[in-house]
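Please keep the sequence and the three-dimensional view at hand while reading.

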Amino acid sequence: YHANAARSFYVGEPPKDVMDYHDRSSGVFGVIEKILKPGLTVGELVTAARDYYDEVGIWSDAGWVGGYELGIGFPPDWVGNFVYEMSDDESPKPFEPRTCVNFESQFFSPRMSGITYYICTLLFKEDRAEMPVQAPRKLVVID
């Protein structure tokens, strides 16, 4: 099995508003960490994420936000059959133990500076749920 992770990069010093915007996009993972548990429903996850995006004022700039099941990575695809999106806010489907999905936070950032591209893997076990990828969830600045 595999994990899926992505981070955004900026070459040079990013303008403050661009950095702030990336912080708001990637900040959703702090919200997810607080609610992550076995049996969490799709509806609970997407509602918490959407509430966060509304609160920080970026929802109107959404690219694609959601996730999909990760399975054994055989070519030509690494995605399972299960996909969830922000429109699934009433879904009672739980993330069952031994489920591995990702969550993608993609927003069009200011100044036509690209897209915020943050992906983390969510791993659900019998007794806990976690985000196993330890790379910092923030804009990577390259000098």
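Phe9 is exposed, with a relative accessible area of 55%; exposed means over 50% relative accessible area, buried under 20%, and partly exposed in between, with a 1.4 Å probe and protein chains only. Phe9 is placed in strand 1, where strands (E, at least two residues) and helices (H or I, at least four) are DSSP runs numbered from the N terminus. Leaving aside neighbours within four places in sequence, Phe9 is in contact with Leu139, Val140 and Ile142; contact means heavy atoms within 4.5 Å. The C-alpha atoms of Phe9 and Thr99 are separated by 29 Å, and these two residues are 90 residues apart along the chain.

The model is predicted: local features need pLDDT of at least 70, side-chain atom pairs count only at pLDDT 80 or more, and totals for chains, interfaces and linings use all residues. Residues are numbered from 1 along each chain as its sequence is written, and side-chain values use heavy atoms, with hydrogens and water left out.

The largest nonpolar core has 31 residues, of which Tyr53, Tyr84, Phe95, Phe103 and Leu122 touch the most other members. A nonpolar core is here a set of buried Ala, Val, Leu, Ile, Met, Phe, Trp, Tyr and Cys residues joined through side-chain atoms within 4.5 Å. Two or more residues of this core come from each of helix 1 (16-26), helix 2 (28-35), helix 3 (42-56), strand 3 (79-85), strand 4 (99-108) and strand 5 (115-124). Helix 3 gives the most, with 7 residues.

Which residues of helix 1 are buried? They are Val18, Tyr21, His22, Ser25 and Ser26. These residues lie on the same side of helix 1 because they cover an arc of only 125° around the axis, the arc being that of the directions from the helix axis to the C-beta atoms. The buried residues of helix 1 pack against strand 1 (9-11), helix 2, helix 3, strand 4 and strand 5.

Helix 2 can be read in the same manner. Its buried residues are Val28, Phe29 and Ile32. An arc of only 95° around the axis contains them, so they are on the same side of helix 2. Helix 1, helix 3, strand 4 and strand 5 are included in what covers the buried residues of helix 2. Ile32 counts as buried at 1% relative accessibility. With neighbours within four places in sequence set aside, Ile32 is in contact with Leu45, Phe103 and Leu122. Ile32 and Asp143, by comparison, are 31 Å apart in space, C-alpha to C-alpha, and 111 residues apart in sequence.

How do the two helices 2 and 3 meet? Helix 2 and helix 3 pack at an angle of about 145°, with their axes 10 Å apart; axes are lines fitted to C-alpha atoms, for helices over the stretch in contact, and angles run from 0 to 180 degrees between N-to-C directions. Val28, Val31, Ile32 and Ile35 in helix 2 meet Glu44, Leu45, Ala48, Ala49, Tyr52 and Tyr53 in helix 3. The residues of this contact divide into 9 nonpolar, no polar and 1 charged, where Ala, Val, Leu, Ile, Met, Phe, Trp, Tyr, Cys and Pro count as nonpolar, Asp, Glu, Lys and Arg as charged, and the others, Gly among them, as polar.

Two loops complete the account. Arg137 is in the loop between strand 6 (129-130) and strand 7 (140-142), and is partly exposed, with a relative accessible area of 25%. Arg137 touches Arg7, Ser26, Phe29, Glu33, Cys120 and Met131, not counting residues up to four places away in sequence. Arg137 and Arg7 are 130 residues apart along the chain, yet their C-alpha atoms are separated by 6.8 Å.

Most residues other than glycine have a negative phi. Arg111, although not a glycine, has a positive phi of about 65°, and Met112 has a positive phi near 55°. Arg111 is exposed, with a relative accessible area of 60%, and Met112 is exposed with one of 85%.
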